[in-house]
Amino acid sequence: MIVKPLFKKVLIAEVKAVTKSESGIILEGANSVREQNRGKVLAIGPDVTDVKEGDIILLDWTKASVVKVDGAQRAIVDQDHIVAVLEG
C-alpha cells in the first residue's frame, strides 16, 4: 500500500536503537529517551519544506497519529512537530 501524506504531514518510521554491541553484549540504557525520539522520513506531503524522504529526525512522538502500513507500525505527524534533522 502506498501512503501519500497530505499538506504539511510527514510519514515516519521509528528508528530502533542498537541494543547490542558487535560482540553480542546487551547494552544497558540503550533505550534512552534520545534514541526513542528518532524516526526516518518515509514520505512527505506537498507543503513540507524542511525535511525530505530518507532524513533521520527527532520528533515529538506524542503528537503523532499511529497507523499500520503493510503490517508495519508507522506514524503521521505534522511538520511542525519535527524537532530537528540529524546529520552525519
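This report covers the confidence, the sheet and the salt bridges of a predicted model.

## Model and confidence

Because the model is predicted, local features need pLDDT of at least 70 and side-chain atom pairs count only at pLDDT 80 or more, while totals for chains, interfaces and linings use all residues. Residues are numbered from 1 along each chain as its sequence is written, and side-chain values use heavy atoms, with hydrogens and water left out.

The pLDDT is the predictor's confidence in each residue, from 0 to 100. The protein averages 84. Of its residues, 82% score at least 70. Among the elements, strand 2 has the highest mean pLDDT, at 94. Helix 1 (residues 33-36) has the lowest, at 49. Helices (H or I, at least four residues) and strands (E, at least two) are DSSP runs, numbered from the N terminus.

## The sheet

Two strands count as paired if DSSP finds at least two bridges between them.

## Strand pairs

Strand 4 and strand 5 run antiparallel and are joined by five bridges. Val69 has Ala72 as its bridge partner in strand 5. The two strands form a hairpin with two residues between them. Asp70 sits in the turn, with a positive phi of about 50°.

Strand 5 also pairs with strand 1, through four bridges, again antiparallel. Here Val10 has Val77 as its partner in strand 5. Elsewhere, three bridges join strand 2 (residues 38-44) to strand 3 (residues 56-59), and these strands run antiparallel. Arg38 is bridged to Leu58 in strand 3.

Side chains of opposite charge can pair when their charged atoms come close. A salt bridge here is a side-chain nitrogen of Lys or Arg within 4 Å of a carboxyl oxygen of Asp or Glu. The whole structure holds three.

One joins Asp80 and Lys8, at 3.5 Å from N to O. It links distant parts of the chain, 72 residues apart. Asp80 is in the loop between strand 5 (72-78) and strand 6 (82-86). Lys8 is in the segment before strand 1 (9-14). For exposure, buried means under 20% relative accessible area, exposed over 50%, and partly exposed in between (1.4 Å probe, protein chains only). Asp80 is exposed at 57%. Lys8 is partly exposed at 31%.

Another joins Lys9 and Asp78, at 3.6 Å from N to O. Lys9 lies in strand 1 and Asp78 in strand 5, so this pair ties together parts 69 residues apart in sequence. Lys9 is partly exposed, with a relative accessible area of 34%. Asp78 counts as buried, at 18%.

## The Asp55 and Lys52 pair

Asp55 and Lys52 also meet through their side chains in a salt bridge, at 3.1 Å from N to O. Asp55 is buried, with a relative accessible area of 11%. Lys52 is exposed, at 53%.
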